[in-house]
Every structure is written in structure tokens, then in C-alpha cells.
Amino acid sequence: MLKAMIIGNTEITIREIPISLNEQTIENAILKYIGRREVKDIVTAVMELTVKDNQIILQMPNNKMYKLVINDGVSSFEEYDFKSNLAKVLIEKGFEEVDANECVAFMLATIAEPSPESIQTNKPLWIPEGFEYYTGDLNIGYVVRDKKGNEFTYMPATDEYISRYEISKGYDGVTPMSVPGKPAWTCITQREAKKVARSFAPNCNSDLIKDYNDWQKMCGFLSTKIGKALVYNDSTQIGAYNNNGGEVNTGENPAFMLYNIDNFAGGTWCITNEITEDLDTVICGGSFCTNGDVDTMASRDYVGYNARNVDVGFRIVLRRVPLCTVLTVK
């Protein structure tokens with residue numbers, strides 16, 4: 001994400017670094033150097049640093065970087081070198097300097113921006129913390145699952161994981177689930193859905209789908225898999241619509257599973273985080289109350305911010321946790 005602002009005569013660009021340093025990444029890097037018994041303490045120390053350093057960074061034209069710090073209510077910048085700080089933690093834990101620098105390089109290499117070559121591989125460059133590979137690949141849909149059985153599919157168009165199924169309620173009636181065999185969670189407001197989504201997996205930046213623009217990106221990607229006509233002209237045969245049998249439970253009809261994502265067309269309208277100037281919520285994808293030749297997968301509509309509808313539900317997405325925000329000074 002890029003945002004520009006002018007301070008005096010200087011243009012500053014805010015750039016978010018989309019990388020995620022999680023416990024599994026750190027553990028994989030340091031196991032080469034130490035025994036498993038010593039791993040936990042070092043992982044904890046490194047994670048504490050990443051959380052502490054997840055702040056605003058100022059990048060000068062000479063590429064030097066400075067971190068925004070606030071002491072006694074007064075803000076200032078201090079020179080910033082995340083790699084050196086990581087290496088310093090490892091050295092304090094008994095690493096030789098050469099090994100520490102090599103280990104840090106490995107950690108950061110595993111979470112770097114994707115290269116054109118790596119995009120051609122059959123698996124994503126990252127997996128959300130707490131999830132493991134379950135089924136599929138990047139050609140047919142790469143699915144991960146957590147210990148509770150929640151399934152999420154990697155969406156290359158937005159570099160995030162989307163709930164494989166429309167979100168349903170757990171047996172307690174309040175826990176969000178992405179599992180087959182459940183009725184979708186409906187009659188929920190945008191504010192409530194956002195709260196549920198963000199509480200699902202905070203360590204994975206869980207949230208609602210951002211907006212219609214992101215929905216369009218997903219539709220565009222899926223159209224490369226199933227053809228544009230099914231996405232933009234008539235989605236009847238690939239979703240639970242009024243003119244195709246109506247409402248179904250999650251995962252009930254295999255014909256609705258596209259790229260390992262169930263009922264992306266039809267089912268229930270999907271709530272997004274987007275709010276219009278009139279304070280209406282943007283919803284996408286059509287529903288079992290509409291027809292697939294009218295409200296296609298790529299369609300959108302609007303409901304009141306506090307509206308509750310029987311055919312409006314939501315999905316959850318998991319995003320990379322940004323390591324820091326960089327301000328580039330030109």
C-alpha cells in the first residue's frame with residue numbers, strides 16, 4: 001500500500017512492507033544451528049523484537065532508515081537496522097556472529113517479496129500462523145487448515161487466504177467457522193461481521209474482504225480458471241441461486257466448489273469492509289434469493305450499515321502481518 005503526503009517541500013511516501021515473520025519461520029531458521037530444546041527461548045526473544053520494531057520507519061534518499069520513537073510524549077527518529085538488531089538477539093543467545101548473520105539472512109529471505117520465478121511454483125510463499133497445508137496447489141486452489149478444522153484457500157490475486165466456505169457458527173453459536181456442512185451465518189450487520197472476522201485470528205490479520213475492488217480482483221483471477229462468461233454473464237450453474245435450487249449448506253454441492261472455494265457465486269451476499277458515502281455496506285456475489293444471470297459472481301449491491309438480511313453473510317480473509325511501515329522521503 002502506497003500513500004503520499006507533503007511535509008514542507010518534501011514528498012513522503014508511506015509504504016507497507018508485506019512480510020510476515022512468524023514463529024514457524026524463525027524456528028525453521030535457527031534449528032540448523034541449535035537443538036530443539038533451546039529453540040523456544042530464542043524464538044520468543046526474536047518475536048518480541050519483531051513486535052517492538054513493528055513501527056513507522058523513515059527511509060531517506062540515501063537509503064538510511066530511521067525508526068519513529070516516542071519518549072515521554074516526545075516523538076523523534078533514531079537510526080534503524082532491523083537485520084543488525086535480529087543478529088544481536090541471536091548473538092546474545094550464544095550464536096557466533098557469522099552464524100547469526102547467516103541465520104538472519106535465511107529468515108528474511110523466506111519472507112521477502114515474491115519473485116517472478118517463485119510465483120511459478122505450486123505453493124504460496126507463506127502460510128498463516130497456526131495453519132498447515134491440507135490439500136490442492138496453486139493450479140487448483142491451495143488449501144490450509146487449522147486444528148479446529150477451519151479451511152482457507154490462498155487467493156493469488158490479493159496475496160491472502162480466503163475462507164474456503166462462507167462463515168458459519170460453531171456449536172457454541174458464536175465462534176466463526178469455515179467448515180463444510182453448515183448453514184451460512186446471516187442476519188448480521190457489517191459492524192458485527194467485522195468484529196467477528198477480526199477476532200478470528202488476530203495474529204493473521206483476519207478481517208472481512210476489503211472492498212469491491214478486491215472482490216473484482218478475485219473474480220478476474222477466477223475467470224482465468226473457469227472462463228469469463230460464468231463470472232460476468234451468467235453464474236447460475238456455479239452457485240446457489242434462486243434459479244438453481246436455492247439455499248444450501250456450505251460444501252453441499254460439489255458443482256459450487258471453484259478453485260477450492262465454495263459458493264463464491266450465489267449462496268449469500270458477501271459483506272465487505274467498504275462503506276459508501278451514504279453509509280451503506282457494499283455486498284458482493286449474489287445470493288440464493290437472486291438469479292445468477294442477473295446477480296453474477298462479479299455483481300455488487302448495497303445494504304444499510306445496520307441491516308440484517310437472511311441472504312447476506314460474510315467470509316474472512318487472512319493477510320500477511322506487516323513487519324513495519326516505511327516512509328520514503330524523496
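This is a dialogue on reading a predicted model, from its overall make-up to single residues.

Biologist: What does the secondary structure of the protein come to?

Modeller: The protein has eight helices and 19 strands. It has 330 residues, and 48% of them count as buried. The accessible surface is about 16,800 Å², with 49% of that belonging to carbon and sulfur atoms.

Biologist: How many of the contacts join residues at least 24 apart?

Modeller: Taking contacts between residues at least 6 apart in sequence, 60% join residues at least 24 apart.

Biologist: How do I read a sheet, and in what order do the strands of the open sheet lie?

Modeller: In general, strands of a sheet pair through backbone hydrogen bonds, and the pairing is either parallel or antiparallel. Here five strands make an open sheet in the order S6-S7-S8-S9-S18, with antiparallel pairing. Strand S6 (131-135) and strand S18 (317-318) are the edge strands, each pairing on one side only.

Biologist: What joins S8 to S9?

Modeller: Strand S8 (residues 151-155) pairs with S9 over four bridges, in the antiparallel sense. Within that pairing, Thr153 has Ile162 of S9 as its bridge partner. The two strands form a hairpin with four residues between them. Asp159, in the turn, has a positive phi of about 55°.

Biologist: And how many bridges join S9 to S18?

Modeller: Strand S9 (residues 160-163) is joined to S18 by two bridges, and these strands run antiparallel. Tyr161 has Leu318 in S18 as its bridge partner.

Biologist: Which way do the residues of S9 point?

Modeller: Glu160 and Ile162 point one way from S9, while Tyr161 and Ser163 point the other way. All four are buried, as the cut-off for that is under 20% relative accessible area.

Biologist: Turning to a helix, which residues of H3 are buried?

Modeller: In helix H3 (residues 82-92) they are Phe82, Leu86, Ala87, Val89 and Leu90. These residues lie on the same side of H3, because they cover an arc of only 155° around the axis. Just after H3 comes Gly94, with a positive phi of about 105°.

Biologist: How far is Glu97 from Ala87 in space?

Modeller: The C-alpha atoms of Glu97 and Ala87 are 7.5 Å apart, and the two residues are ten apart in sequence. Ala87 is one of the buried residues of H3, whereas Glu97 belongs to helix H4 (residues 97-109).

Biologist: Is Glu97 buried or exposed?

Modeller: Its relative accessibility is 53%, so Glu97 counts as exposed; the cut-off for exposed is over 50%.

Biologist: Now a loop residue: where is Asn260 found?

Modeller: Asn260 sits in the loop between strand S12 (257-258) and strand S13 (261-262). With a relative accessible area of 13%, Asn260 is buried.

Biologist: Which backbone oxygen atoms does the side chain of Asn260 reach?

Modeller: One is the backbone oxygen of Ile140, at 3.4 Å from the side chain of Asn260. Another is the backbone oxygen of Gly141, 2.8 Å from a polar atom of that side chain.

Biologist: Which residues does Asn260 touch?

Modeller: Leaving out residues up to four places away in sequence, Asn260 touches Gly136, Ile140, Gly141, Val143, Thr153 and Arg164. Among them, Thr153 has already come up as the bridge partner of Ile162.

Conventions: Residues are numbered from 1 along each chain as its sequence is written. This is a predicted model: local features need pLDDT of at least 70, side-chain atom pairs count only at pLDDT 80 or more; totals for chains, interfaces and linings use all residues. Side-chain values use heavy atoms; hydrogens and water are left out. Two strands pair if DSSP finds at least two bridges between them. Buried means under 20% relative accessible area, exposed over 50%, partly exposed in between (1.4 Å probe, protein chains only). The arc is that of the directions from the helix axis to the C-beta atoms. A polar contact is a pair of N or O atoms within 3.5 Å; within protein, one must be able to donate a hydrogen and the other to accept it, and residues adjacent in sequence count only if both atoms are side-chain atoms. Contact means heavy atoms within 4.5 Å. Accessible areas come from the Shrake-Rupley method with a 1.4 Å probe; for residues, only the protein chains shown count as cover.
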